[in-house]
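The sequence and structure come first.

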Amino acid sequence: MTGAADARIESLERTSTERARTRRKALIAGATGNIVEWFDFTIYGFSAAVLATVFFPAEFGSGALLATFALYGVAFLARPAGGVVFGRLGDRFGRRGSLSLAITLMGCSTAAIGLLPTYASIGAAAPLLLLVCRLVQGFSAGGEYTGAATFVVEHAPYHRRGLYAGIIAGSSFVGSILATITVLTFNSVGTEYFLDGGWRWPFIIGGVVAIAGLFMRLAVDETPAFTEMKEKEALLTRPLADLLRNHWRSLVTAFVYFASLGVATHMLIGYMPTFLTHAAGVSSTAALMLTSGALVLAVPLYIAFGATVDRIGRRPLVRIGMVASVLVAVPSYVLIGTGNIVAIAGALIVLVIVQSLLASALLAVLEMMPTNARFTGTALPYNLAYALFAGTAPLVCETLVNSTGSNLSPAFYATAVASLALPVLWRGIPESRIAGTDRPLHSRET
């Protein structure tokens with residue numbers, strides 16, 4: 001009996017060790033792909049001023065920057081289609097395969113941007129080719145962030161889902177930080193070098209890193225939640241139709257949440273470097289360093305707030321974040337407009353804290369969706385919201401400043417979006433953590 005008991009204990013310990021190893025591999029693989037996605041998108045945003053001169057004629061003047069931001073936003077228009085396609089693949093055939101295809105397309109389209117001929121070489125065909133690459137980027141990104149979050153959270157132990165979701169969300173900024181370091185490194189060689197082809201290398205590097213992410217994902221098992229659904233033959237043939245028919249309220253709540261989060265995020269990483277240069281009068285290098293510093297702060301905040309969600313529940317932090325987002329945008333932009341470095345740093349810290357509080361609701365959104373349609377249920381509202389609000393945020397902000405002449409107009413825009421979202425999210429974000437326990441995503445979850 002003792003021998004049998006020892007063998008059983010040894011088997012359980014081995015299973016537990018293997019499960020922990022699989023969870024770590026899933027977390028690393030999910031985060032790596034997310035890092036690549038945000039590296040690629042941030043590279044474009046931070047290189048916007050250079051890309052405007054490279055891909056558009058000089059006679060465009062300030063219109064070239066607007067056109068560059070328009071292409072930034074156009075990529076987001078392809079994201080809903082990507083969300084539907086990759087979501088359907090992930091819910092019907094598996095999370096891992098869908099995510100592997102997404103990162104492959106992302107890497108190829110990013111590297112292609114670094115290889116494109118310029119306007120000086122082929123004229124109007126240059127921005128058209130850039131548009132194609134951005135559309136492919138956007139399409140592939142439609143399956144990345146929420147897919148990675150679904151993949152990792154379904155692998156996570158129930159009492160650490162918030163932490164795992166926080167790590168995935170924080171990895172987005174790791175990609176942005178690495179993009180900033182890459183741009184600054186190549187820019188430090190000299191502005192002339194960066195304009196004369198140095199801008200290409202960050203995009204090529206992003207494509208190469210995506211290959212590493214692909215192999216990591218292929219080495220991880222499918223999630224237990226999806227495997228159980230497959231074993232029970234509970235997979236949906238049309239997950240989107242089921243969501244629209246039975247879970248439309250959850251889709252609306254998720255859409256509003258991602259819209260408010262997306263505006264806050266892309267005003268920071270997509271528009272803030274340009275705003276600091278034009279409105280605050282700081283150098284482009286200083287603007288990138290200030291923004292990068294804010295993103296560095298965001299990473300531990302995302303992780304800490306994710307762990308806090310595991311302890312106190314899903315609702316408290318996001319409610320604080322929503323109220324704060326209504327109140328802090330205008331004062332923060334006033335401080336930034338002073339041009340004082342200390343004031344700018346303080347304002348960016350406040351904006352990052354609020355944005356991190358909002359991001360803590362990612363886990364609640366994932367838990368709102370049924371397991372057999374979770375990929376689609378998070379990907380669709382996320383990508384629709386990002387197409388309509390996040391991707392257009394830099395363009396809207398620049399247009400508002402140009403049309404009104406007020407540097408505070410972007411802050412009023414952010415405040416308006418947050419004010420409209422507040423009542424919906426206050427009641428709509430569910431509290432799925434009850435009495436210290438969480439609803440399992442599958443029956444074997446421990």
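Which residues lie nearest the centre of the largest cavity? They are Ala264, Met267, Ala329, Leu351 and Ala414, out of 17 lining residues.

## Basis

This is a predicted model, in which local features need pLDDT of at least 70 and side-chain atom pairs count only at pLDDT 80 or more, while totals for chains, interfaces and linings use all residues. Residues are numbered from 1 along each chain as its sequence is written, and side-chain values use heavy atoms, with hydrogens and water left out.

## Cavities

The count is four cavities of 30 Å³ or more. A cavity is a set of points on a 1 Å grid over the protein atoms alone where a 1.4 Å probe fits but cannot get out, and its lining residues have an atom within 4 Å of a point. Points are joined across faces, edges and corners, and a volume is the space filled by probe spheres set on them.

The largest cavity has a volume of about 260 Å³. Helices α14, α16 (315–337), α17 (341–359) and α21 (409–428) each supply at least two residues of its lining, and α14 gives the most, with six. Helices here are DSSP runs (H or I, at least four residues), numbered from the N terminus. The lining of the largest cavity divides into 14 nonpolar, three polar and no charged residues; Ala, Val, Leu, Ile, Met, Phe, Trp, Tyr, Cys and Pro count as nonpolar, Asp, Glu, Lys and Arg as charged, and the others, Gly among them, as polar.

The second largest cavity holds about 80 Å³. Of its 13 lining residues, Gly166, Tyr302, Gly306, Ala359 and Ser360 lie nearest the centre. Two or more residues come from each of α9 (161–188), α15, α17 and α18 (362–368). By class, this lining has eight nonpolar, five polar and no charged residues.

## Helices α14 and α15

The axes of α14 (residues 248–278) and α15 (residues 284–312) come within 8 Å and cross at roughly 145°. Axes are lines fitted to C-alpha atoms over the stretch in contact, with angles from 0 to 180 degrees between N-to-C directions.

The contact (heavy atoms within 4.5 Å) includes Leu268, Ile269 and Met272 of α14 and Ala287, Leu288 and Leu290 of α15.

## Threonine 274

Threonine 274 is in helix α14. This residue is buried, with a relative accessible area of 11% (buried means under 20%, with a 1.4 Å probe and protein chains only). Beyond its neighbours within four places in sequence, threonine 274 is in contact with Leu65, Phe69 and Glu398.

Definitions and conventions: On a 1 Å grid over the protein atoms alone, a cavity is a set of points where a 1.4 Å probe fits but cannot get out, and a pocket is an open set with protein on both sides within 12 Å along at least five of seven lines; lining residues have an atom within 4 Å of a point. Buried means under 20% relative accessible area, exposed over 50%, partly exposed in between (1.4 Å probe, protein chains only).
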